[in-house]
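Hi,

Here is the structure I promised to pass on. Have a look at it first, and my notes follow below.

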Amino acid sequence: MCDSAHIYYHCYFYYNNIFQSPPTVQTDRRTPQKKKDAVRETGRSSIKTSSLFKHNPEIPEIHRPVVSQLKEKIFTSDSFSDLDLHPHLVATLNKVLNVSTVTSVQKRTIPVLLSGRDAVVQSQTGSGKTLSYAVPVVQSLQGLQQKVSRSDGPLAVVIVPTRELAQQTFQTFQKLLKPFTWIVPGVLMGGEKRKSEKARLRKGINILVSTPGRLVDHIKNTLSIAFSAVRWLILDEADRTLDLGFEKDLTVILNSLNSTGPSRQNVLLSATLTHGVTRLVDVCLQDPVNIHVSGPAPSDLTTTSSAVTSDPSTASQSESFALPESLKQYVVVVPSKIRLVCLAAFILDKCKFSQNNKLIVFFSSCEAVEFLHSLFTSVLSGPSTNQKPQLSFLRLHGNMKQEERSEVFQQFSVSNSGVLLCTDVAARGLDLPQVTWIIQYTPPAAAAEYVHRVGRTARIGGRGSSLLFLTPAETAFITELANHHISLSELKLLDILSSLMMDDTYKGRGKYYSKSSSKALEQETRERATVLQTEFENFVHSDAQSVQNAKKALQSFLRAYTTYPAHLKHIFHIRSLHLGHTAKSFGLRDAPQGLNARWKKYFTEVKLLILQCKKTVVKWAKPHLSTVQQYSGITCPQI
Ligand SMILES: Nc1ncnc2c1ncn2[C@@H]1O[C@H](COP(=O)(O)OP(=O)(O)OP(=O)(O)O)[C@@H](O)[C@H]1O
């Protein structure tokens with residue numbers, strides 16, 4: 001067995017042994033409501049204040065680093081009618097899309113693209129980047145001397161990283177093309193039926209929006225796909241497309257596009273054009289104009305790849321991102337054990353005890369989203385009454401069927417309130433109206449991802465807030481964010497938990513209830529938090545399947561925790577997690593049996609294997625150092 005297969009085998013073996021142990025609880029056949037009532041009763045009668053609030057690590061004092069945030073003005077005083085566009089296009093922008101004043105990024109990008117230049121565009125989230133390329137594409141295609149026909153095939157190709165974003169971008173083109181019915185937009189994305197996509201490709205699509213994987217699939221398997229007429233290539237969220245490991249796919253797409261066709265205009269866009277895209281800029285773009293709305297463009301974006309910073313930690317430190325000025329950013333430091341109730345109290349505060357809030361909560365894995373969705377729906381939703389509708393929880397992640405994903409996306413888009421629990425599949429580009437709060441229950445793996453997640457609110461000048469959850473051991477992430485000009489204010493754990501005082505559903509034993517001193521209030525808050533935690537735990541342990549789901553969610557959380565990049569390992573290291581406490585944040589009463597010992601053994605073995613791998617790689621690489629350097633861009637000391 002080769003070394004990597006060995007490592008995989010070990011991970012698989014240990015994960016499965018630890019988490020797939022036979023459940024000890026009998027299946028519960030009670031109706032959900034009866035189960036819930038029983039759970040609530042047990043919750044109140046078995047209050048153990050000590051279990052939740054004792055033996056937690058100290059919450060350290062947070063010293064906010066001084067940060068000068070980058071600022072970006074969103075709107076200009078110009079209107080679309082000043083941009084020399086077709087009057088029908090201006091009318092469509094005004095009447096169908098409801099936009100008349102151009103944003104800063106549009107003012108700077110549209111004329112550059114109309115003049116025929118390539119461009120690299122960076123501007124903050126929600127600043128209107130989609131129209132900044134979609135308007136010039138439509139303007140140029142409607143004005144072609146030889147009128148566009150379906151048989152021309154794709155004239156513009158737009159690559160985006162996720163299916164929802166593909167759908168959203170396609171819809172923007174559909175709207176813009178209303179007066180130009182002879183230009184046909186189309187979308188290709190994973191999860192859809194290939195056969196019907198092939199049929200649409202055969203009929204002819206002029207503006208093709210696609211996720212990278214699905215486009216490669218068609219390049220390889222669909223004879224009718226021809227790129228001989230492509231004049232535009234747009235890579236939206238370009239950095240993410242590379243992150244997701246789509247680099248190979250992108251190479252296939254570029255090779256296919258480069259082999260035929262007239263000269264092409266190329267555009268790369270994102271709110272966070274990190275140093276990783278430098279090579280892509282070199283390969284894809286010709287003498288591009290750098291449009292960096294919040295300030296001067298990073299000097300090395302258009303340099304050759306040899307100038308790429310070789311140390312990823314230095315590279316990531318120097319990248320600074322602008323965030324919407326109207327966005328209020330908060331952090332709460334919560335010991336692992338209390339995280340679940342803290343999140344629940346926050347959701348109840350925003351959605352049950354106040355109105356018109358629409359929340360997005362980010363998690364690191366599909367399993368965690370699934371599990372917490374069912375836990376919150378069962379324990380927190382509450383009945384719908386005449387005065388109040390039921391608290392609604394939706395979920396979105398990559399393991400869902402495409403129809404369900406589209407349905408959820410649509411449902412959350414049109415709703416005025418509710419909670420969407422999701423993975424990073426919803427972090428990029430999605431324009432979901434009226435989202436008021438972004439909560440990051442698991443911290444992102446990079447500052448750029450933080451920027452995109454919080455960018456789902458406070459769009460196009462609107463208000464919005466975000467809350468980042470950190471454990472006491474993770475507070476150095478605040479400094480990491482400050483290095484990227486991101487500044488957070490602190491919310492106190494007890495203040496969040498105190499929202500539980502607004503509803504007697506989680507009332508404690510009443511010992512402190514009638515007293516008004518702040519100490520008594522604090523104690524009652526803790527009791528209520530404990531009642532809620534006990535409800536969660538009772539629900540999880542009332543059913544073998546729920547226990548299994550909670551274990552799976554914990555397992556996937558731990559797996560994701562091991563994948564933080566090397567330069568963040570001093571903040572997010574699996575060794576600093578207390579497994580028993582972490583288990584509690586998934587409603588489990590204890591860490592799954594034997595976890596500690598097996599986890600330690602697992603780490604020792606994996607460490608040994610990695611050492612072995614390193615030795616083998618070094619042995620192999622030594623005679624080939626110059627070749628390795630040439631192809632990987634990695635310098636000798638790193639190897
Ligand atoms: N000139 C404008 N006036 C008013 N609203 C606009 C204008 N341009 C775009 N919008 C609206 O602003 C919202 C955000 O636009 P868009 O999704 O293009 O932002 P973005 O910069 O691509 O964000 P992200 O970086 O998150 O992908 C959309 O609802 C869009 O319709």
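**What I found**

Glu 537 is buried, at a relative accessible area of 8% (buried means under 20% relative accessible area, exposed over 50%, partly exposed in between, with a 1.4 Å probe and protein chains only). Before going further: this is a predicted model, in which local features need pLDDT of at least 70 and side-chain atom pairs count only at pLDDT 80 or more, while totals for chains, interfaces and linings use all residues. Residues are numbered from 1 along each chain as its sequence is written, and side-chain values use heavy atoms, with hydrogens and water left out.

**Salt bridges**

Back to Glu 537, which forms a salt bridge with Lys 584, the closest N and O atoms being 2.7 Å apart. (A salt bridge here is a side-chain nitrogen of Lys or Arg within 4 Å of a carboxyl oxygen of Asp or Glu.) Lys 584 belongs to helix 21 (residues 579-584) and Glu 537 to helix 19, so this pair ties together parts that are 47 residues apart in sequence. (Helices, H or I with at least four residues, and strands, E with at least two, are DSSP runs numbered from the N terminus.) Lys 584 is buried too, with a relative accessible area of 9%.

How many salt bridges does the structure hold? The count is 20. Another of them joins Asp 78 to Lys 107, with 3.2 Å between the closest N and O atoms. That pair links distant parts of the chain, since Asp 78 is in strand 1 (residues 75-79) and Lys 107 is in helix 5 (residues 104-114), 29 residues apart. Asp 78 counts as partly exposed at 24% relative accessibility, and Lys 107 is also partly exposed, at 38%.

**The ligand**

Which residues come nearest to the ligand? Of the 21 residues around it, they are Thr 101, Gly 126, Lys 129, Thr 130 and Asp 431 (a residue is near a molecule or strand if one of its heavy atoms lies within 4 Å of it).

- Thr 101 has a polar backbone atom 2.7 Å from a nitrogen atom of the ligand.
- Gly 126 has a backbone N or O atom 2.8 Å from an oxygen atom of the ligand.
- Arg 456 has a side-chain N or O atom 2.8 Å from an oxygen atom of the ligand.

Taken alone, the ligand exposes 640 Å², and the protein buries 86% of that (accessible areas come from the Shrake-Rupley method with a 1.4 Å probe; for residues, only the protein chains shown count as cover). Strand 2 (101-103) and helix 6 (129-142) are the elements that give two or more residues to the shell around the ligand.

Most residues other than glycine have a negative phi. Glu 237 lies in the loop between strand 7 (232-236) and helix 10 (238-258) and is buried, at 5% relative accessibility.

Asn 356 also has a positive phi, of about 60°, although it is not a glycine. The loop that holds Asn 356 runs between helix 13 (339-351) and strand 11 (358-362). Is Asn 356 buried or exposed? Asn 356 is exposed, with a relative accessible area of 61%.

Just after helix 5, Gly 116 takes a positive phi of about 95°.

**Two more places to look**

Ser 556 is in helix 20 (residues 544-561) and is buried, at 4% relative accessibility. Arg 575 lies in the loop between helix 20 and helix 21 and counts as exposed, at 60%.

Cheers

Technical notes:
Polar contact = N/O pair within 3.5 Å; in protein donor to acceptor, adjacent residues only side chain to side chain.
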